[in-house]
Amino acid sequence: MSIYFFQEDIYFVPENTEQLKYWIIQIATDHHHLIRNLNYIFCSDQYLLNINKKYLNHEYFTDVITFNHSTRNKMIEGDIFISIDRVKENSNTLKTSFQQELYRVIIHGLLHLIGYDDKNDLDKKQMRKKEDACLSLL
């Protein structure tokens with residue numbers, strides 16, 4: 001079971017990484033999933049925009065992009081790219097702390113790997129409810 005935190009074109013290290021890993025594992029376990037290899041890559045808006053264009057053909061900024069590499073059911077293997085610029089901007093817009101918004105985005109990516117989606121309004125509402133439930137465990 002491996003969870004790693006990387007940085008690309010910025011310097012960023014999340015606080016309390018061991019506690020953060022424990023929380024991520026707890027969420028996966030609560031959803032009956034096992035983490036085999038999970039990489040969180042922190043980067044800038046521009047870096048994530050380039051990924052968004054190249055792999056998803058989207059021409060807009062986003063806070064998180066998740067790539068699922070698992071070939072087995074209930075096994076988590078993936079990469080979660082997070083724009084720290086977007087997290088900062090969103091925390092200001094939503095009037096929440098940077099840390100709270102960072103944790104929301106971290107868990108949002110994990111929930112995608114577990115199987116939750118946010119393509120339509122109903123899915124977005126369910127995703128937000130799940131995020132809130134996960135954040136309450138911190």
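Analyst: Let's begin with a term: buried means under 20% relative accessible area, exposed means over 50%, and partly exposed lies in between, all with a 1.4 Å probe and protein chains only. This is a predicted model, so local features need pLDDT of at least 70 and side-chain atom pairs count only at pLDDT 80 or more, while totals for chains, interfaces and linings use all residues. Residues are numbered from 1 along each chain as its sequence is written, and side-chain values use heavy atoms, with hydrogens and water left out.

The part to look at is helix 5, residues 121-135. Helices here are DSSP runs of H or I with at least four residues, strands are E runs of at least two, and both are numbered from the N terminus. Helix 5 has 15 residues and reaches 21 Å from its first C-alpha to its last, close to the expected 21 Å at 1.5 Å a residue. That expected span is 1.5 Å times one less than the number of residues.

Now, which residues of helix 5 are buried? They are Met127, Glu131, Cys134 and Leu135. These residues sit on the same side of helix 5, because they cover an arc of only 95° around the axis; the arc is that of the directions from the helix axis to the C-beta atoms. Turned away from that buried side is a face with the exposed residues Asp121, Leu122, Lys125 and Lys129. What do the buried residues of helix 5 pack against? Helix 1 and helix 4, where contact means heavy atoms within 4.5 Å.

Lys130 also belongs to helix 5. It counts as partly exposed because its relative accessible area is 26%. Leaving aside neighbours within four places in sequence, Lys130 is in contact with His31, Leu111 and Tyr116. Asp63 is 67 residues from Lys130 in sequence, and their C-alpha atoms are 18 Å apart.

Helix 1 (residues 17-30) and helix 4 (residues 98-114) have axes that come within 11 Å and cross at roughly 35°. For the geometry, axes are lines fitted to C-alpha atoms, for helices over the stretch in contact, and angles run from 0 to 180 degrees between N-to-C directions.

One last stop is His32, in the loop between helix 1 and strand 2. His32 counts as exposed because its relative accessibility is 62%. Its phi is positive, about 60°, although it is not a glycine. Most residues other than glycine have a negative phi.
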